[in-house]
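Open the model in your viewer and keep the selection panel at hand. We will stop at the ligand, then move on to a cavity.

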Amino acid sequence: MLETKIYNLEIQKVTKSRIHEIDFNHIPFGKYFSDHMFVVDYKNEEWQDGKIVPYGPMSMAPSISALHYGQALFEGMKAYKDTKGNSWLFRPTDNHARLNISAERLCMPAIPEDLFMQGLMELIRLDSNWIPKQENAALYIRPVMFAIDEFVGVKPSQNYRFVIFTCPVGQYYSEPVSVLVETKYVRAFEGGLGFTKAAANYAAALMPAKLGQSKGYHQMLWTDGFEHKYIEESGTMNVMFVIGNKVVTPMTSGTILSGITRDSIIQLLKDWGIPVEERRISIDDLLTAHSKNELKEAFGVGTAATVAHIAKIGYMGKDFQLPVITPSSISHRILKTLTDIRTGKCEDKFGWMVRV
Ligand code: COI
C-alpha cells in the first residue's frame with residue numbers, strides 16, 4: 001500500500017466572513033465565492049506544500065504562458081450537506097483522476113492525489129458553512145490549473161499554479177433547456193482536446209453558443225467534426241435519450257468528456273435493470289425515433305447542470321418538441337435518486353460519497 005504523504009498546509013483565515021452577504025434562497029450560479037481558496041504552485045519540478053488564503057485576486061504578469069498558449073484546465077465538483085448537517089463530497093477522487101488525464105494531454109504536471117485531497121478537504125472544512133442546505137443547491141467546487149511561466153515562446157511552461165475555490169450555487173438551468181444541433185462549427189476532433197476539461201474547449205464553444213442563443217436556444221448540441229451526423233455532447237453537459245424502453249447516450253471517445261455524473265447515472269440505470277446503451281447516435285436515428293413517438297425523454301447530465309431536461313431540439317430550421325417530464329419519467333427518478341444519495345436521504349450503495 002502506498003503511504004499517504006502529508007502536506008504542510010499553511011492556513012490564513014479571513015478576518016471577517018462574507019457569508020452574511022449571501023441570500024442562500026436565491027443563489028445565481030457561479031457569482032458568489034466563499035471566503036477561502038486553496039493555492040499551490042509547481043516549481044523546481046515539484047508541487048510545493050500549498051496554502052489556504054482568503055479568496056481574492058492574485059497578482060500575475062501578462063506574460064504568463066496560460067494566457068498565450070492555453071495551458072489551462074479545470075474541474076467541476078460539488079459538496080453537499082446531509083440532513084444531519086454533515087458535509088460530503090461526491091466522487092472527488094474521480095475528479096482528481098480526470099484532472100490528471102487533462103493535465104497529461106495539455107503537457108502539464110499531474111497533481112498528487114494526497115495534495116489535491118488534503119487541500120480540498122481543508123478548504124471545505126473551513127468553508128463548510130457555505131454549503132447550502134436548500135433543495136437543488138450545493139457548494140460548487142472549481143479546481144483550476146494554469147501555466148505561470150513568464151515567457152514568450154511556444155513551449156510547455158515549467159511552473160504552474162493550482163487553485164481550488166468554491167461558490168454556493170443553485171440550479172445552472174432554471175428551466176427546461178432547448179438545444180440547437182450544430183452543423184457548422186466543431187467542438188472537438190479525434191486526437192484533439194475533446195475528452196479534457198481544457199479551458200480551450202469552452203472558448204471554442206462560445207461563439208457558436210452565442211449564435212444559438214440569438215436564435216432562442218440555450219445551448220448547442222454538438223455533432224461529430226467529420227459529418228455533423230452523430231451527437232456528441234451539449235455545451236455544459238453530456239446528453240442522454242430515452243428511446244423506447246432504453247436509455248441511449250453517446251459513447252465516450254476522444255471528443256467527448258467522460259462525465260462523472262454520466263458514469264454515475266449509467267451505474268444507477270444498470271442497477272435498476274434499465275437497458276442503457278453507450279453508442280453512436282445519429283441525428284437521423286433520433287428524429288426517426290421522435291417521429292414514431294419513441295423518443296420519450298432527452299436530458300443533459302453534468303456536475304453543474306445535474307440532470308437538465310431538454311424540452312426542444314432545433315435542427316435545420318425545424319423544432320422538435322419533447323414530451324413533458326412527469327414524476328414517473330426516468331430522468332426525474334435519476335435526479336431524485338442522485339439528490340437523495342448526495343444528501344444522505346438514501347443509501348449510498350455505490351460508495352460515492354466522501355465525508356469531509
Ligand atoms: C461542470 O458541470 O462542472 C462544468 O464544468 C460545466 C461548466 C461549464 C459549468
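Begin with the shell around the ligand, which by class holds five nonpolar, three polar and two charged residues. Here Ala, Val, Leu, Ile, Met, Phe, Trp, Tyr, Cys and Pro count as nonpolar, Asp, Glu, Lys and Arg as charged, and the others, Gly among them, as polar. A word on the source: this is a predicted model, in which local features need pLDDT of at least 70 and side-chain atom pairs pLDDT 80 or more, while totals for chains, interfaces and linings use all residues. Residues are numbered from 1 along each chain as its sequence is written, and side-chain values use heavy atoms, with hydrogens and water left out.

Now select Phe74, Gly76, Tyr140, Arg142, Tyr172, Lys197, Tyr202, Thr236, Thr303 and Ala304: these are the residues around the ligand, each with a heavy atom within 4 Å of it. Color by domain next, with bounds from an automatic or database assignment. Domain 1 (10-171) and domain 2 (177-342) both contribute to this shell, so the ligand lies between them.

Show the side chain of Tyr140, where an N or O atom is 2.5 Å from an oxygen atom of the ligand. Then try Lys197, whose side chain places an N or O atom 2.8 Å from a ligand oxygen. At Thr303, switch to the backbone: an N or O atom there lies 3.4 Å from an oxygen of the ligand.

For the last stop, select Gly76, Met77, Lys78, Tyr80, Phe90, Asn95, Ile260, Thr261, Thr303 and Arg342, which line the largest cavity. A cavity is a set of points, on a 1 Å grid over the protein atoms alone, where a 1.4 Å probe fits but cannot get out; lining residues have an atom within 4 Å of a point. This lining divides into four nonpolar, four polar and two charged residues.

Definitions and conventions. A polar contact is a pair of N or O atoms within 3.5 Å; within protein, one must be able to donate a hydrogen and the other to accept it, and residues adjacent in sequence count only if both atoms are side-chain atoms. On a 1 Å grid over the protein atoms alone, a cavity is a set of points where a 1.4 Å probe fits but cannot get out, and a pocket is an open set with protein on both sides within 12 Å along at least five of seven lines; lining residues have an atom within 4 Å of a point.
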